[in-house]
Each structure stands twice: as structure tokens, then as C-alpha cells.
Amino acid sequence: MSKNPIHIIGGGLAGSEAAWQAAQAGIPVVLHEMRPVRGTDAHKTDGLAELVCSNSFRSDDAENNAVGLLHAEMRLAGSLIMSAGDANQVPAGGALAVDRDGFSDAVTKKLEAHPLITIQREEVPGLPPAEWDQAIIATGPLTAPGLAQSIAEATGADALAFFDAIAPIIHFDTIDMDTCWFQSRYDKVGPGGTGKDYINCPMDKEQYLAFVQALVDGQKTEFKQWEGTPYFDGCLPIEIMAERGVETLRYGPMKPMGLTNAHNPTVKAYAVVQLRQDNALGTLYNMVGFQTKLRHAEQVRVFRTIPGLENADFARLGGLHRNTYINSPTLLDASLQLKSRPGLRFAGQITGCEGYVESAAIGLLAGRFAAAERLGHAPSLPPLTTAFGALLNHITGGHIVSDDEPGKRSFQPMNVNFGLFPPVEAVKIDGKRLRGKDKTVAKRHAITSRAQADCRQWLGLPAQAEAAE
């Protein structure tokens, strides 16, 4: 049985998770990370698993939310990313948000301390050499140009691309708390939270309309060399949303529902800007949903018109970078292996999944699949009924090909969601079919209950009832 190392290119969330899973299976790993030898447009440190956009892993509700279910499955699988996230959480209502520096530091130290993991700080300029018979490319949306070109040449298809935008971060002590107040939407209490985990900045109708117009009129950064690159709808710049209609933001990141102004409870805000804690000290807050391509000077000018942020000091302003991903359903098999080159796998956002957790989950699977092959076993694929399986199936062939536009690739980045899961049987209570919201909630509970049971079975863990005894 060969114990040659598995080579993993990229030390982001997916690469870090893949390295951990393979090493935990007893296989030596060489993790290649180009930072700090070569930087990127978005990274600020040389830490592994650095979070370059939001610090949120989104909902941690495993019963009612698909990403919360994915959290639960990853914890069952011994995920390094989830354990580091849990250990470095900051309050965020019903979401799991983390101190980004503490999180990256925890992942880096765990990988550096593992006896089977070697970290090499170097750029891999092209596809892995043939002698790396088991390798994983997890270079993410910021893949170095040389490697991206090699991938395109090897697959015979250009990488697709879309814009991804970054939200600003504000120093807490420059926020006017006589205008703003702490409250989670609907007072929801999440992991490590209190129900008062967001700072809320209220706007009346006149202020809101003026703000929307300022976003539309503000000077934007131009990227002529990227013209024609589409945005991913899950991470639209705030000004792009504003351009789609004056009410768009009120039904998106600035919706006022579930919030009561602590300073003026009888007056309902017309719109609300929310800020979420970004570090464990509580000294930094990021603007939720405020990814932007506004020029830096324009960001300061426009965002200081938000009530409570008139004197805001920005620790980081928003930015824009390009994401790249391959046409995975065409190029990869069900175990994330390049069809044209056995032993070479892809993981993370470069496969066309979207989101920190999803990227790490695909890294987890790629690491397990590569380790299984190194041990002489066929990879064990997760059931389609699990969050792992539903996401993997979308990436490797679960999308719909358009018959109306032959030749056009319809595969797009996607977060995990309940639409990717096989349907459940109609849910009844006392013999009666449920309708409306009750039906939706019951179906989600049925999907998540089935998923966790099937995931335990796939991982060889005892059933939930047995585990509790």
C-alpha cells in the first residue's frame, strides 16, 4: 500500500480542510500555499484559511436551514474548519460568525502541528507534475494566472468568471450609539449570541431615497479588462442592487422587518442598515450586505450619510475582485476527479460552489476521496439525501442544461440550499396534509432529519438515539 503524500495546492478553507481530512486518515500531505511568496488582490496576511470577505458562516440552524445542516454534517465528519469556527465565534444572531484573525490562526497552528502535514510556501505555476499521482487543486477564486492558464489548456475549456465584492469594516467606537441600537432581527439568539448581536442604523423614507440615489450616482471602480464578467447574485454590490429598483434594498439587506428602534420604539424605520461584529474584541463591525465597487472616497462620503455613521472610521473599505471556476459537471467525475487525468481532483470555489462553508465541505470530501484511493479503496460517495451529497451532485452534474441555447454552459456557482435535495414525501399530521408555512417548515425538518441520519450512516457513526444513550 502506497503512503506517498497527497499534494494539495492552495491553503484556503478548502485546501486546509482537505489536508486535515487526508492526514487524519493516516496519509502524508504536502500543502502548497503561495502566500507570502506571491500575494493576491484580496488577501492581507499569509495565514491559512484567511477570510477575505464576510466573517460569517451564515445560519447555524441545522433543522431549518441548508447551510446550518451542512455545518452539522461537517462537525460529524471531524471538520477542522468547523472546530476552528466554533472556537472563535463572535455574536451574530442566528448565524455563526467568527473572529477572522483568531480563526485563521487556529487553522494554521493545527495544520502546522500535524505530524503528517508539511506546509511548503511556494507557488505551483502549472498543473501538478505526473509524479504527484494524487493531488488536489484548491486554489479558489484567486487562482494565480499561470495555474489558471494551465488548467484551461488541460481541460480544453476556459475558466468562467464572476465578480465578488467585499463589504467595508468600521471601528465600533466611531458609531453613534445614541442613534443606533443593538438587536438581532426578531431578537433571534444564535451561537454565542444574545439576541442583540447586530448594530442597527435606522433611516426614514427621505433618508433612504436619498441614500439609494447616492449609491446609483456614486463613482464606481472600472474594470475594463473584465467587461462581460457576470455578478454572482448571492454577493451583489450594494449599488448594483440599488440600480435594480428603488425598493430592492428594502427587501434585501436593508429590510426593516423584525426590528424595533430602542431609542424611538413607536416609530418604525423605513429601512435599516445592519452591522455585524467582525472580531472577538468587538472593536470592528462589518456592514452586512454592503459589498461594493464604489471608489474608496465615494464609500466614505456615501456611507457617512447613514444615520449613526456620520463619523465612522473605516478599518477596511470595500473592494472588488474576480472569481474563477471551472465547468465542473463537464470536467469532473462524481468524486471531484478530473476525467482526463485520474488522481487529480479539484476542491473549493474553483469547482463552482459558493460560500466559505460550501468550499470547505467540498475540500473535506476531496481530502477523503483522495485518502481512500491512497489506501487502496474506492471513494465512498455521500448519499444524495445529505447536504454533502446534494452539494456534490450539483457540482458534478446536478444542474440543468439549457436546450434553448446550445453550446452555452448553464452551470453557475451556488450556495447549498433545499432545492438541491431529493424531495420528501408529503408531510401529514393526524392524517391531514399541511399547507402554507406549516408545510414548508415540516418539509425542511423532514429533509434535515433524513440528512443527518443518512450522514451518520455514511460516516459509520451510531444513530442519533443510540449516540445519546
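This text walks through a predicted model, from a sheet to the cores and then to single residues.

Start with the sheet. Five strands make up an open sheet, and their order is β6-β2-β1-β7-β16. The pairing is parallel. Strands of a sheet pair through backbone hydrogen bonds, either parallel or antiparallel. At the edges stand β6 (117-121) and β16 (344-346). Each has a single partner strand, so one side of each is left without a neighbour in the sheet. From one strand to the next, the twist averages 20°.

Look now at one pair within this sheet. Strand β1 covers residues 6-9, and β2 covers residues 29-33. The two run parallel and are joined by 4 bridges. In one of the bridges, isoleucine 9 has histidine 32 in β2 as its partner.

A helix packs on the sheet as well. This is α10, residues 356-374. Helix α10 touches β1, β7 (135-137) and β16. Its direction makes about 165° with that of β16.

Helix α10 also matters for the count in the largest nonpolar core. That core has 80 residues. Phe57, Phe103 and Phe388 touch the most other members. The largest share, 11 residues, comes from α10. The core draws at least three residues from domain 1 (6-159 + 326-396) and at least three from domain 3 (428-459).

Which residues does phenylalanine 388 touch? Setting aside residues up to four places away in sequence, the partners of phenylalanine 388 are Leu70, Glu73, Met74, Ala77, Ala361, Leu364, Leu365, Pro382, Cys455 and Trp458. A second core is separate and has 31 residues. Among them are Cys180, Ala242, Leu275 and Val302.

Next comes helix α3, residues 80-87. Its buried residues are Leu80, Ile81, Met82, Ala84 and Gly85. Serine 79 caps the N-terminal end of α3. A side-chain oxygen of serine 79 lies 3.2 Å from the backbone nitrogen of isoleucine 81.

Another serine sits in helix α4, residues 100-113. Is serine 104 buried or exposed? Serine 104 has 6% relative accessibility, so it counts as buried, the limit being under 20%. Leaving aside neighbours within four places in sequence, serine 104 is in contact with Gly47, Leu48, Ala49 and Glu50.

Alanine 49 lies in the loop between β2 and β3 (56-59). Its phi is near 55°, a positive value in a residue other than glycine. With a relative accessible area of 0%, alanine 49 is buried.

Arginine 58 also has a positive phi, near 70°, and it too is a residue other than glycine. Arginine 58 is placed in strand β3. At 27% relative accessibility, arginine 58 counts as partly exposed.

The last stop is glutamate 243. This residue belongs to helix α7, residues 238-243. Glutamate 243 has a relative accessible area of 45%, so it is partly exposed. Where does glutamate 243 stand relative to leucine 215? The two are 28 residues apart in sequence and 8.2 Å apart in space, C-alpha to C-alpha. Glutamate 243 touches Val216 and Lys220, not counting residues up to four places away in sequence.

Notes:
Residues are numbered from 1 along each chain as its sequence is written. Side-chain values use heavy atoms; hydrogens and water are left out. Two strands pair if DSSP finds at least two bridges between them. Axes are lines fitted to C-alpha atoms, for helices over the stretch in contact, and angles run from 0 to 180 degrees between N-to-C directions. Contact means heavy atoms within 4.5 Å. Buried means under 20% relative accessible area, exposed over 50%, partly exposed in between (1.4 Å probe, protein chains only). A polar contact is a pair of N or O atoms within 3.5 Å; within protein, one must be able to donate a hydrogen and the other to accept it, and residues adjacent in sequence count only if both atoms are side-chain atoms. A nonpolar core is a set of buried Ala, Val, Leu, Ile, Met, Phe, Trp, Tyr and Cys residues joined through side-chain atoms within 4.5 Å. Domain bounds come from an automatic or database domain assignment.
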